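Here is a briefing on chain symmetry, helix packing and salt bridges. Look at the structure first, then read the points below.

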2 protein chains.
Amino acid sequence: MTDMMSGMQRVITLDMEGVVTPEVWIAVADHTGVDALRRTTRDEPDYQALMDYRIAILDEHRIGLSTIQSVIATLDVLDGAREFLDELRGRHQVVLLSDTFEQFAGPFMDQLGRPHLLCHRLHVEGDRVVSFSPRVDEQKRRTVELYQALNFHVTAMGDSHNDVAMLQAADAASFIHPPDGLPERYPELPVARGYREALDWIESVG
Amino acid sequence: MTDMMSGMQRVITLDMEGVVTPEVWIAVADHTGVDALRRTTRDEPDYQALMDYRIAILDEHRIGLSTIQSVIATLDVLDGAREFLDELRGRHQVVLLSDTFEQFAGPFMDQLGRPHLLCHRLHVEGDRVVSFSPRVDEQKRRTVELYQALNFHVTAMGDSHNDVAMLQAADAASFIHPPDGLPERYPELPVARGYREALDWIESVG
């Protein structure tokens with residue numbers, strides 16, 4: 001409880017997919033059998049290019065937003081994610097910083113007790129996903145910097161390449177269950193393997 | 001649902017005390033019988049001066065943090081506030097922007113389902129409230145501007161003088177059950193009388 005009595009007030013920023021929820025596009029690929037939708041930021045690090053590609057594939061296969069939403073409706077958040085967030089939200093302010101979309105996130109947010117989520121929005125006409133443009137470029141890094149401008153100590157956790165800028169901008173940062181190979185590229189960042197380890201680490205850096 | 005499909009993504013910023021919770025210091029005055037604690041920002045618009053005064057009164061009457069917290073533990077959030085926030089959080093991102101303190105807000109946040117809250121922290125030694133300094137000056141106005149820098153459309157609602165800078169910075173703004181006299185000073189700002197009216201107004205300005 002030291003944190004409540006002295007030092008800086010804290011915001012914890014967390015990636016969403018792979019950290020507290022499953023990966024949506026993998027689930028859509030599984031459900032539709034369209035393997036092209038398995039392409040991820042590991043294959044195409046440029047997120048705009050990846051989303052343009054995904055939207056073209058959706059068009060080609062006539063996969064509408066309602067199909068994606070019906071897949072998402074069947075997905076559970078990761079085991080223990082709700083309890084992890086509840087414990088964390090009882091202690092600090094928590095923000096999910098994600099490159100997902102408002103149109104995807106609702107069912108996950110219901111399961112997680114509606115944490116604060118900053119993400120993007122797809123441009124949709126009827127049921128057709130038309131295009132993607134980010135709400136703002138580099139939103140993860142910029143959001144960390146804006147909370148810092150409000151005099152918060154920012155602790156960040158993520159699992160993938162597109163989290164690295166956020167992790168590097170934060171006052172304290174760690175990977176959480178990252179894929180093989182990623183931590184080796186950033187030896188300065190610690191790795192939490194599971195929520196209990198993450199909670200302990202978060203309390204240790206406040 | 002227009003909002004989910006086009007236009008800008010939205011953040012709704014709300015004051016806490018008087019908007020979704022009762023006024024803490026009034027309750028502490030009631031409980032302790034120390035009428036000096038009824039002084040509010042209406043009597044002393046300089047919040048730092050007001051808090052310095054309150055802390056001196058607490059000292060004089062040997063009222064510790066635990067006493068204040070035990071009063072807060074008996075308080076209910078305003079009638080309908082949870083339902084109001086739940087409905088709003090199902091549609092948009094919601095942030096409570098308050099000049100309250102981390103040490104006061106916990107029981108209210110539990111009742112309200114842990115919305116995102118940006119507030120201050122009292123400097124406390126043992127059970128004694130020692131001093132107050134804001135996390136950042138003008139946090140309400142600055143937070144609105146930072147969400148705008150992240151390309152959110154910000155809608156703000158508050159009930160008192162110290163919300164006016166936030167209301168004036170926002171893309172859309174309204175008072176919600178303000179005290180007599182305040183709306184007349186800001187005739188450009190609409191007034192919502194109750195949560196249903198607030199929800200309808202919020203949907204009308206997105």
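A salt bridge is a side-chain nitrogen of Lys or Arg within 4 Å of a carboxyl oxygen of Asp or Glu. The model is predicted: local features need pLDDT of at least 70, side-chain atom pairs count only at pLDDT 80 or more, and totals for chains, interfaces and linings use all residues. Residues are numbered from 1 along each chain as its sequence is written, chains are lettered from A and ligands numbered from 1 in the order in which they are written, and side-chain values use heavy atoms, without hydrogens and water.

**Salt bridges**
- Side chains of opposite charge can pair when their charged atoms come close.
- Over all chains, a search of the whole structure finds 28 salt bridges.
- Asp59(A) and Arg128(A) form a salt bridge through their side chains, with N to O at 3.0 Å.
- This pair links distant parts of the chain, 69 residues apart. Asp59(A) sits in helix α3 (residues 47–60) of chain A, and Arg128(A) in strand β5 (residues 128–131) of chain A. Helices (H or I, at least four residues) and strands (E, at least two) are DSSP runs, numbered from the N terminus.

**Chain symmetry**
- Chain B superposes on chain A by a rotation of 180° with 0.0 Å of shift along its axis, at RMSD 0.0 Å.
- The same surface serves both copies, as 100% of the contact residues of chain B recur in chain A. Contact means heavy atoms within 4.5 Å.

**Helix pair between the chains**
- Helix α7 (residues 139–149) of chain A and helix α7 (residues 139–149) of chain B have axes that come within 10 Å and cross at roughly 170°. Axes are lines fitted to C-alpha atoms, for helices over the stretch in contact, and angles run from 0 to 180 degrees between N-to-C directions.
- α7(A) and α7(B) are therefore roughly antiparallel. Angles over 145 degrees count as roughly antiparallel, under 35 as roughly parallel, 65 to 115 as roughly perpendicular, and the rest as oblique.
- The crossing of α7(A) and α7(B) is right-handed (the near helix is turned clockwise from the far one by less than a right angle).
- Arg142(A), Leu146(A), Tyr147(A) and Ala149(A) meet Arg142(B), Leu146(B), Tyr147(B) and Ala149(B).

**Helix pairs within chain B**
- The axes of α4(B) (residues 65–72) and α6(B) (residues 102–111) come within 9 Å and cross at roughly 20°. That makes α4(B) roughly parallel to α6(B).
- Leu65(B), Ile68(B), Gln69(B) and Ile72(B) of α4(B) contact Gln103(B), Phe104(B), Pro107(B) and Phe108(B) of α6(B).
- The axes of α5(B) (residues 81–89) and α10(B) (residues 195–204) come within 10 Å and cross at roughly 15°. That makes α5(B) roughly parallel to α10(B).
- α5(B) passes α10(B) in a right-handed crossing.

Notes
Copies are superposed by least squares on the C-alpha atoms of residues with pLDDT of at least 70 in both.
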